[in-house]
Amino acid sequence: MLTSGGITSHDRAIVSSTTSPFLHFEMPRRNQSPLIILHERTGAEEAASAPPLYRQLYARLRDLILEEQLGTGDRLPSSRALARDLSISRTTVELAFDQLLAEGFIERRPGSGTFVAAILPDPPRPLPDTDHLALAESENEQGLSQQGHRLLATPLMHEQGPALPGLAPCRPGADVFPIDLWNRILARTVREQGHALQHTAPPEGDPMLRDVLAAHLARTRSVQCSPEQIVVTTSTQQALDVLARLLLDPGDPVWIEEPGYLGARTALHAAGGKLVPVPVDAEGIDIDAGRRRAPEARLAYVTPSHQYPSGVTLSIARRLDLLQWATQANAWIIEDDYDSEFRYTGRPLAPLQSIDSTGHVIYLGTFNKALFAGLRLGYAVLPPVLVRPFTRALEASAGPVSTLQQAVLSIFIADGHFVSHLRRSRERYRVRRDALLEAVETTCADLLRLGPLETGLHVCAYLPDAVSDIAVSAQAAGAGLYVPPLSACYLTPAQQSGLILGYGGTDVEAICQGMKHLAHAIRQAGRAL
Ligand SMILES: Cc1ncc(COP(=O)(O)O)c(C=O)c1O
């Protein structure tokens, strides 16, 4: 039994420490001798692998309690005595005790000492092995709604890919963003706005952000809206999800571009929409084909500035035709303007939103590409009738996004940093785009034909029809490159074989290296035919 005055002379005989690298002591109870061994982190290898001493002491004491070698109500040695006998600092012992106390294994009685708690917490449950998990998944699937099953069956929304470097599409360059400036504004915002930042932002978003954004969009994109029509979201994806649930009933036909953006497909399909693939040609989505296939569609999802993934721009004639169809059919148009900030040549065409006189266009934008992917800030510019329903639906799922990030972004835009950043990053991305173009020329001009390159952070590169883009993509992954196949963007059998190549998030050297590997992967895949 451990004694009340710390460690008795008898205890001391069996509470012992050896010299480095191991420390151990034994605590006798009911003729047993629990042993504490602490691995001191002396050598470099041990320093890397052994947990800190206080964690070791905590874990050993906890195990002794769970194994009932220390019983409820037993007194522990004082921290001073333990520290002395283990030749460790008293702070280390106190840290271990604090952890045990926080988890309910011990209790401290002022003036009496430290005791094993009268009521112990449940022992930790063992982690299920993978087989259990697989079983649990299939069992859970049985309890899903039809909507749940649809969600599960929908192909993965983003072409995330693993964190493979090089040539991944649609990723902004982390080295391009002025992170120090952002951090300074963040620190200033916290200092100046203090407690106000602890409150949740209004459900539609920070009023100042909506103000400055409305002015910015009018100036740079000719988007005509009042700040009240803007609702702040985490992303285009969140806006798509909310809109799909708000505007579609199960079975409602929806036009989607073919090939098109998987994220939109995910959200629209998961909400029950009946996806109607409408082909894209050199002028963008073919409105006549859409009219033939589903004249009564409820909604059309389009990327007019820079069609994803082909890169074509929707012609002005098609824009007008699309608006005319939406007005006649009383259908909604979702205009996803995800990367038009990065236009390298010529002026962008005015967005559909700016020429829509009947309130059928919902314009979506994102800062996750223009600034950085982890920011999670986007917005919807809504026809007035949709503002309240959209805000409600947003509240029902995620609520408003971070008050602090919105406040920082407002200042970033208001002080002119956003426009400067766009100007600078356009220049950097242009250099990267040109490097990609040149690398394709020198490594595999005979194997890849590039699509339009005026805008954005990616280009669609067409392969000879006989070469499978899935095989090339798999080969490239083996070389550490993430280049999604074009065929994954088709709902119907793919019309063309190709790859989606990104250049925004990759520096010039990595682009050149990546293209060499990719050229090799294409030849390998071609040879396997
Ligand atoms: C066409 C398109 N829209 C939207 C997005 C994503 O925007 P967010 O991250 O804000 O959902 C992407 C991402 O690659 C995209 O390709």
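## Cavities

The largest cavity in this predicted model has a volume of about 40 Å³. A search of the whole structure finds two cavities of 30 Å³ or more. Residues lining the largest cavity include Glu-257, Gly-284 and Ile-285. The lining also takes in Val-302, Thr-303, Pro-304 and Gln-307, together with Val-312, Thr-313 and Leu-314. By class, five residues of this lining are nonpolar, four are polar and one is charged.

The second largest cavity has a volume of about 30 Å³. Its lining consists of Ile-256, Glu-257, Gly-260, Tyr-261, Ala-264, Arg-265 and Tyr-301. Two elements, strand 7 (253-258) and helix 11 (262-270), each supply at least two residues of that lining. Four of the lining residues are nonpolar, one is polar and two are charged. Glu-257 lines the largest cavity and also lines the second largest cavity.

## Ligand surroundings

There are 13 residues around the ligand, and Thr-236, Gln-237, Asp-336, Thr-366 and Asn-368 come nearest. For three of these residues, distances between polar atoms and the ligand can be given. In Thr-236, a polar backbone atom is 2.9 Å from an oxygen atom of the ligand. In Asp-336, a polar side-chain atom lies 2.6 Å from a ligand nitrogen atom. In Asn-368, a polar side-chain atom lies 3.0 Å from an oxygen atom of the ligand.

The ligand exposes 400 Å² when taken alone, and the protein buries 96% of that area. Helix 10 (236-247) and helix 15 (367-370) are the elements that give two or more residues to the shell around the ligand. By class, the shell has five nonpolar residues, five polar residues and three charged residues.

Strands of a sheet pair through backbone hydrogen bonds, in either a parallel or an antiparallel sense. Which sense applies to strand 6 and strand 13? These two strands pair in the antiparallel sense over four bridges, with strand 13 covering residues 378-381. Within this pair, Ile-230 stands opposite Val-381 in strand 13.

Key: Residues numbered from 1 in each chain as written. Predicted model: local features only at pLDDT ≥ 70, side-chain atom pairs only at ≥ 80, totals over all residues. Heavy atoms only, no water. 1 Å grid on protein atoms, 1.4 Å probe; cavity = no way out; pocket = protein on both sides within 12 Å on 5 of 7 lines; lining within 4 Å. Points joined across faces, edges and corners; volume = space filled by probe spheres on them. Nonpolar A, V, L, I, M, F, W, Y, C, P; charged D, E, K, R; others polar. Near = heavy atom within 4 Å. Polar contact = N/O pair within 3.5 Å; in protein donor to acceptor, adjacent residues only side chain to side chain. Areas by Shrake-Rupley, 256 points an atom, 1.4 Å probe, with all protein chains shown as cover. Pairing = 2+ DSSP bridges.
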